[in-house]
Amino acid sequence: MKKLSARRRHPLAALVVLLFALAVTGGLYAAFAPAEKAQADSSAQSLAIDEGKRLFAVGCSSCHGLNGQGSSTGPSLVGVGSAAVDFQVGTGRMPAQQPGAQIPRKKVIYSQAEIDQLAAFVASFGPGPVVPTKDQYTSTSPDDVAKGGELFRTNCAQCHNFAGSGGALTQGKYAPSLDGVDPKHIYEAMQTGPQNMPSFPDSTMPEAQKKQIVAFVRHTTSEEPNPGGLALGSLGPVTEGLFGWIFGLGALIAVAIWVAAHTTKAKKS
Amino acid sequence: MSSASSATTGATKPSSTRAKPANKGEAAADYLDGRLGIYSLAKANLRKIFPDHWSFMLGEICLYTFVIIILTGVYLTLFFTPSMGEVVYHGTYAPLNGIKMSEAYASTMNISFEVRGGLLIRQIHHWAAIVFIAAMFVHMMRVFFTGAFRKPREINWLFGFLLLFLGMFDGFMGYSLPDDLLSGTGIRFMEGAVLAVPLVGTYLQMFMFGGEFPGNDIIPRLFTVHVLLIPGIMVGLLVAHLILVFYHKHTQFAGPGKTEENVVGMPLMPVYMAKAGGFFFLVFGIIAAMSAIATVNPIWAYGPYRPDQVSTDAQPDWYMGFSEGLIRVMPGWEIHLWGHTLNLGVFIPLMVFPMVLAVIAVYPFLESWITGDKREHHILDRPRNAPVRTALGVAWISWYLVMLIGGGNDLVATHLHLSLNDITYFVRTSFFLVPIIVFFVTKRWCLGLQRRDKEKVLHGRETGVIKRLPHGEFVEIHAQLPADKLHKLTAHEQLQPMELPAEVDENGVKRKIGRLTKLRAKISKGYFGEYSQIAKPTAEEHHEITSGHGHH
């Protein structure tokens, strides 16, 4: 220590300290910075962005602008994140066929690889929700369905209906049916709040709760055989009333007509 | 004691001299007759004649579904716990495991998933209720459109109406009991309606719920009313309804040999005992099959009620749907006065709701006031021959359907890809316009059918046989209707509009004519005036045309 202390007034000491400090900061940065960011210029990612840019220019830019800045016909995509792209394009909603109260789900026209490229390009506009990984939306605990059900009835059922059959909103808008929706897309919808849906970011609804909701929706819409027989669309008493009138009373009246038509005839002497 | 035995054995002879019973069956009947007097009852009623028509069996559907509801309801009470005490679910239905719920809901889950046959019985109970009220509606339509409510059956019409009214409310209370998310929303709706009553609303609400919503009282209270009070009244009304049917004898459609004085048909025993008994099992079978095929009120999917949760498609069962429609389309008007709120958006629908039903109840009395007809009627009208009554009935149905569309506006929107707001505006307009349009269309339709009947009577049936006359003209041969058809088409009587008495009487004194009488004359003209019925062909007209040569 004496040696070091003796040279602390050396003319080059400041330079050495500076170099040392730089090395430490750089080293720490290299050690702790997110790997992907550090590899931002790695060829695969930038290639994806380049490819995405080409696809975007062809399929999206007429409404959203060449750089996703938005226009009178489409919103800005800055900050929507890759999750929004994966949801909108992955469910066929984008590219939209025509403007309207709501863009419907339809046939998906891009491959998943192309969707990923588009997502990479849009994500490069600014930070936003990232496409979830499989373990984020795949539940492993059997309790998740019950907990998710409670969360679903609190947060989702008022628009999507108790069984995820969907429902009406104002002016021709609607909450779509959740039947047959990919778990990833359910998760992304909660993250990004597409179209008329509010978003449920991790700050208001933690990841674990989203996972539980996904588990409940999967259970209700596709995995569970209905204990009571035909579910009649799971739409509540309206379809029950129609069924009761048409098939219940209808059958009874048909039988009444049959019984009345088959009677003992008085003997004609 | 028994008039039957005294008639056969003679009044002076003591009944002990009656011949020894021939066999055990007769002995048993004799034993019962001595104590219950069944001979006279049986003699009077077992051979009671009933006419045959499928529409006369609609009331039977009501009766049988009611019996099914009572039987299944008793089974359900064995396992249901009418309590709002909180429990944590640990049953077989995994998706609700560990969820807090009321005992009412938990016991309904238990009925649905653990009790043997529980879910089937629950579904039979619920489907039968849905069909019961639908059948009552159709039964009432039959009675209405055929004019069977006329004297002497006005009181029985009122009994029927009360059964419908009570049935609706008992149904509402019944599906409120499981305390699932949907039924809790329904009770909340009811609470809102009670609160909207001016002045007393808040007191009524506290009285019903025993505190703030939801409290702990409402389900036990609804349970008592649902399983005891209302069914008790309904059974009483039902018995009275049936006694009156026996007492009045059944109505019949016009036909050869059928008069206001007789009933043409089959005896109760054995024909209708067999038919009606068999029909009961058919009804039970169809309801049971329906309940085995389709879910009704899937409470496990709704989840337990929590006041902070709600699901879309929160509609009542169909018979309460029109009240939902009234609320949904009513603009949310409010009046604020002296620190109080008058919630017209709920209060006006709440007042329209009973009026929609009350017009059904009062109609027979209204019509008898207009016609001034005090005679008994046992021959039914064909709906076309009472065009104004028929048009009023169909207008009411259309009005009711408009309200039902309002009640299901969200499903209409999603399934027909329409805007919810447009449907609301449509229903608001249609509430006033559609019944009026339907009234006129139906009336014209009836008149058209009357013209057709007249045409058929005078010119016969078109045979489809084309004949070429010597000078080249083609004519279609018309065949005369058989006599029974002619009778059917001309049996109805046509009332004439009421004439106001002359302004001055025979002494030249100005007569006082009350406003009500003038109104009555006006309505009577609307019912039976020249634009409201087509004069039916007379025998002379028929004779003149048919006796001559051929075809027009």
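**Notebook: helix packing and chain contacts**

I began with α4(B) and α6(B), whose crossing is left-handed (near helix turned anticlockwise from the far one by less than a right angle; clockwise would be right-handed). This is a predicted model, and local features need pLDDT of at least 70, side-chain atom pairs count only at pLDDT 80 or more, while totals for chains, interfaces and linings use all residues. Residues are numbered from 1 along each chain as its sequence is written, with chains lettered from A and ligands numbered from 1 in the order in which they are written.

**α4(B) on α6(B).** I looked up the geometry next: α4 (58–77) of chain B packs on α6(B) at about 155°, with the axes 8 Å apart (lines fitted to C-alpha atoms over the stretch in contact, angles from 0 to 180 degrees between N-to-C directions). α4(B) is therefore roughly antiparallel to α6(B) (over 145 degrees; under 35 is roughly parallel, 65 to 115 roughly perpendicular, the rest oblique). I sorted their contact by class and found 17 nonpolar, six polar and two charged residues (Ala, Val, Leu, Ile, Met, Phe, Trp, Tyr, Cys and Pro are nonpolar; Asp, Glu, Lys and Arg charged; the others, Gly among them, polar).

**α6(B) again, from chain A.** I then followed α6 (118–145) of chain B to α13 (237–261) of chain A, where the angle is about 70° and the axes are 9 Å apart. These two helices are therefore roughly perpendicular, and their crossing is right-handed. On the α13(A) side I noted residues including Gly241(A), Gly244(A), Trp245(A) and Gly248(A); on the α6(B) side, Trp127(B), Ala134(B) and Val138(B) are among those they meet (C-beta atoms, placed from the backbone, within 7 Å). By class, this contact holds nine nonpolar, three polar and one charged residues.

**The whole A–B contact.** I found 51 residues of chain A and 61 of chain B taking part. On chain A, the elements giving two or more residues are α9 (144–155), α10 (157–160), β1 (167–168) and α13 (DSSP runs numbered from the N terminus: helices H or I of at least four residues, strands E of at least two). α13(A) brings the largest share, 17 residues. The chain A side divides into 27 nonpolar, 20 polar and four charged residues.

**Confidence.** I looked up an ipTM of 0.89 and a pTM of 0.87 for the complex. Chain B has a mean pLDDT of 90, with 96% of its residues at 70 or more (the predictor's confidence per residue, 0 to 100). Where pLDDT is low, the predicted coordinates should not be read in detail.

**Domains of chain A.** I have domain 1 at 43–123 and domain 2 at 134–223 (bounds from an automatic or database assignment). Their centres, taken over C-alpha atoms, are 23 Å apart, and each gives 13 residues to their contact.

I noted a cis peptide bond between Met94(A) and Pro95(A), omega about -5°, with Pro95(A) in the loop between α6 (81–90) and α7 (112–123) of chain A. Another joins Phe213(B) and Pro214(B), omega about -10°; Pro214(B) lies in the loop between α9 (201–209) and α10 (218–248) of chain B. Last, Gln171(A), in the loop between β1 and β2 (174–175) of chain A, has a positive phi near 50°.

Note on methods:
Contact = placed C-beta atoms within 7 Å.
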